[in-house]
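The questions below go through one model for a reader who has not seen it before. Each answer ends on the value or name asked for.

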Amino acid sequence: MNILEQIVADKKIEVALRKSLIPTKQLENSVLFGRETVSLAEALRQSTTGIIAEHKRRSPSKAVINQKVSVQDVATGYETAGACGMSVLTDGKYFGGSLDDLILARAAVAMPLLRKEFIIDEYQLLEAKAHGADVILLIAAVLTRDEIKSLSEFAKSLSLDVLLEVHNLEELEKSIMPSLDMLGVNNRNLKTFEVSTDVSKALSTHIPDDFVKVSESGISSIEAIKDLQQYEYKGFLIGENFMKTTAPGKSAVEFIQQLT
């Protein structure tokens, strides 16, 4: 069993437990559930930088990244820097995140928030909406085409943007459908954890123009972004590059200023 399979197995147990504790009606009655969402896809289309900045405390591949900064400070810093949106990791066991992080970020900023999570169940989409998310992530590697279709259509019914993540051409070809807003190419090989933006370049011509192209992982330089922009990428998800510093917001300011 690889790390992704292990995470999904644990996630199924976690979601079943959460469902037993908090009924869907309670999520639907939450204050944030009726909030009008903000489109990340639209923000990326209109942006010249396309930065989606991430809040990530740790990861299976890097252990601890940054446990010291507050989510509110990071969110405010990213918004001040001019990021198009913020990705908030809500997985607890492997990434040290929680849905509380999403609420705290939402209280601090108006920009689009992505719930970065291993989504396997519609219940998690209701959670995302109830905790202030505007966007959800679906990972093609852990979902069938039918699951991608049903989850993405349910997300759209909740006015949530959908970012679909792929790692290779096979995943991309099974996933393309009208209920997606953005197609993200993860440059990290899930088996070896090696990272190369060549993955994004190779898949760029296979992504229809209807979708906003997003490149994820291993983007740590201005040169990498300018290079990928030539392949019509509009979004760039940057996590560890900002979070590994003592002041992620300040790092984002400096990075985006250089980019512009």
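Q: Is G218 buried, partly exposed or exposed, and what is its relative accessible area?
A: Buried means under 20% relative accessible area and exposed means over 50%, with partly exposed in between (1.4 Å probe, protein chains only). G218 falls in the middle class because its value lies between those limits: partly exposed, at 43%.

The model is predicted: local features need pLDDT of at least 70, side-chain atom pairs count only at pLDDT 80 or more, and totals for chains, interfaces and linings use all residues. Residues are numbered from 1 along each chain as its sequence is written, and side-chain values use heavy atoms, with hydrogens and water left out.

Q: Where is G218 found, and which residues does G218 touch, leaving out those up to four places away in sequence?
A: Helices (H or I, at least four residues) and strands (E, at least two) are DSSP runs, numbered from the N terminus. G218 sits in the loop that links β9 (212-216) to α10 (222-229). Contact means heavy atoms within 4.5 Å. With residues up to four places away in sequence not counted, G218 touches V195 and T197.

Q: How far apart in space are the C-alpha atoms of G218 and I238?
A: Along the sequence, G218 and I238 are 20 residues apart. I238 belongs to β10, where it is the bridge partner of A53. From C-alpha to C-alpha, the separation of G218 and I238 is 7.8 Å.

Q: In what order do the eight strands close into a barrel?
A: Two strands pair if DSSP finds at least two bridges between them. In this barrel the pairing is parallel, and the order is β1-β4-β5-β6-β7-β8-β9-β10. Axes here are lines fitted to C-alpha atoms, for helices over the stretch in contact, and angles run from 0 to 180 degrees between N-to-C directions. With direction ignored, neighbouring strands of this sheet are turned against each other on average by 25°.

Q: How many bridges pair strand β1 with strand β10?
A: Strand β1 covers residues 51-55 and strand β10 covers residues 235-238. They pair in the parallel sense, and the number of bridges is three.

Q: Which residue of β4 is the bridge partner of I52?
A: β1 and β4 are paired in the parallel sense over four bridges. β4 also pairs with strand β5 (residues 113-116), again parallel and over four bridges, and there V88 stands opposite R115. For I52, the partner in β4 is G85.

Q: Why is strand β4 described as largely enclosed by the rest of the structure?
A: Side chains in a regular strand alternate between the two faces of the sheet. In β4, G85, S87 and L89 are buried on one side and M86 and V88 on the other. Strand β4 (residues 85-89) is largely enclosed because the buried residues number five of the five.

Q: Which residue in β7 stands opposite I136?
A: Strand β6 (residues 135-139) runs parallel to β7, and five bridges join them. Both faces of β7 are covered, with D161, L163 and E165 buried on one side and V162, L164 and V166 on the other. The residue opposite I136 is V162.

Q: Which residues touch the most other members of the largest nonpolar core?
A: A nonpolar core is a set of buried Ala, Val, Leu, Ile, Met, Phe, Trp, Tyr and Cys residues joined through side-chain atoms within 4.5 Å. The largest one has 83 residues. Among the contacts of I136, not counting residues up to four places away in sequence, are L114, I119, A155 and L163. The members that touch the most others are I51, Y78, M86, I136, L138 and M182.

Q: At roughly what angle do the axes of helix α1 and helix α6 cross?
A: The contact is made by K11, V15, R18 and K19 of α1 and Y123, Q124 and E127 of α6. The axes of helix α1 (residues 3-21) and helix α6 (residues 122-130) come within 10 Å and cross at roughly 65°.

Q: What is the phi of S159, and where is S159 found?
A: S159 is found in the loop between α7 (145-157) and β7. S159 is partly exposed, with a relative accessible area of 45%. Although S159 is not a glycine, its phi is positive, at about 65°.
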